Amino acid sequence: MICACFMKMICGFWGSLIKGQFMQNTHIADNQQTTVKIPMWIKIFGWLHIVMGTLALIGFFVSFVVSIENAKFMFLGLESVGSPHDPMAILIGALMVVFGFAAYGLLFQKSWGLKACLITGWLALFICIGNMVYFLSKGTLMLRLELIAIVPFLMFLNRARRLG
């Protein structure tokens, strides 16, 4: 009984996030404008990705001037400890920049924004699931909490794409 009530509450919460609380119009295609309003939680995460991508780009160029030996980078379960010029650190920084660029496209109503966010959303989902499988093969159960936001985000984007 309690479990059923809890599941109903969770489903209602995610349903309201995907369907309700809209504030902004978004262009879906170059030649047509369809009104799809972006929920506030997507705007907040979008701005966080824009800020992280900008800081990653600035930090990469600053690392050539300032000597940094022990830096820690983490994004979507990918982790790198050491120099900012290690391949994994550069990959993490590049992912942050790409995700920030896609968020910019969606939030500032660019014609390519929806497609870019769909691509980065699916990429984030595959990275998180890949990390979980990798750690499970090592004998460690690692649950990625990013999936709590990624799945409703992809559901919203697919719904917006169908409307357009």
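**View 1. Sixteen residues line the second largest pocket, and A56, G59, F60, F73 and G93 lie nearest its centre.** Two or more lining residues come from each of α2, β1 (71–75) and α3. Helices (H or I, at least four residues) and strands (E, at least two) are DSSP runs, numbered from the N terminus. This pocket has a volume of about 260 Å³. A pocket here is an open set of points on a 1 Å grid over the protein atoms alone, where a 1.4 Å probe fits, with protein on both sides within 12 Å along at least five of seven lines; lining residues have an atom within 4 Å of a point. The volume is the space filled by probe spheres set on the points, which are joined across faces, edges and corners. By class, the lining has 13 nonpolar, three polar and no charged residues. Ala, Val, Leu, Ile, Met, Phe, Trp, Tyr, Cys and Pro count as nonpolar, Asp, Glu, Lys and Arg as charged, and the others, Gly among them, as polar.

Please keep in mind that this is a predicted model: local features need pLDDT of at least 70 and side-chain atom pairs count only at pLDDT 80 or more, while totals for chains, interfaces and linings use all residues. Residues are numbered from 1 along each chain as its sequence is written, and side-chain values use heavy atoms, with hydrogens and water left out.

**View 2. The largest pocket holds about 460 Å³ of space.** Of its 22 lining residues, look for F45, H49, F99, A149 and I150, which lie nearest the centre. Four helices each supply at least two residues of this lining: α2 (40–65), α3 (87–107), α4 (113–137) and α5 (147–163). With seven residues, α2 gives the most. The lining comprises 17 nonpolar, four polar and one charged residues.

**View 3. Helices α4 and α5 have axes that come within 10 Å and cross at roughly 150°.** Axes are lines fitted to C-alpha atoms, for helices over the stretch in contact, and angles run from 0 to 180 degrees between N-to-C directions. The two helices are therefore roughly antiparallel (over 145 degrees; under 35 is roughly parallel, 65 to 115 roughly perpendicular and the rest oblique). Their crossing is left-handed, meaning that the near helix is turned anticlockwise from the far one by less than a right angle. In contact (heavy atoms within 4.5 Å) are, among them, W122 and M132 of α4 and F153 and R161 of α5. The residues of this contact are 15 nonpolar, two polar and one charged.

**View 4. The axes of α2 and α5 approach within 11 Å, crossing at roughly 115°.** That makes α2 roughly perpendicular to α5. This crossing, too, is left-handed. On the α2 side you will find W41, I42 and F45, which meet A149, P152, F153 and F156 of α5. By class, the contact has seven nonpolar, no polar and no charged residues.

**View 5. α3 and α4 have axes that come within 8 Å and cross at roughly 145°.** Here again the crossing is left-handed. L95, V98, F99, A102, A103, G105 and L106 of α3 make the contact with G113, L114, A116, C117, T120, L123, A124 and I127 of α4. These residues divide into 12 nonpolar, three polar and no charged.
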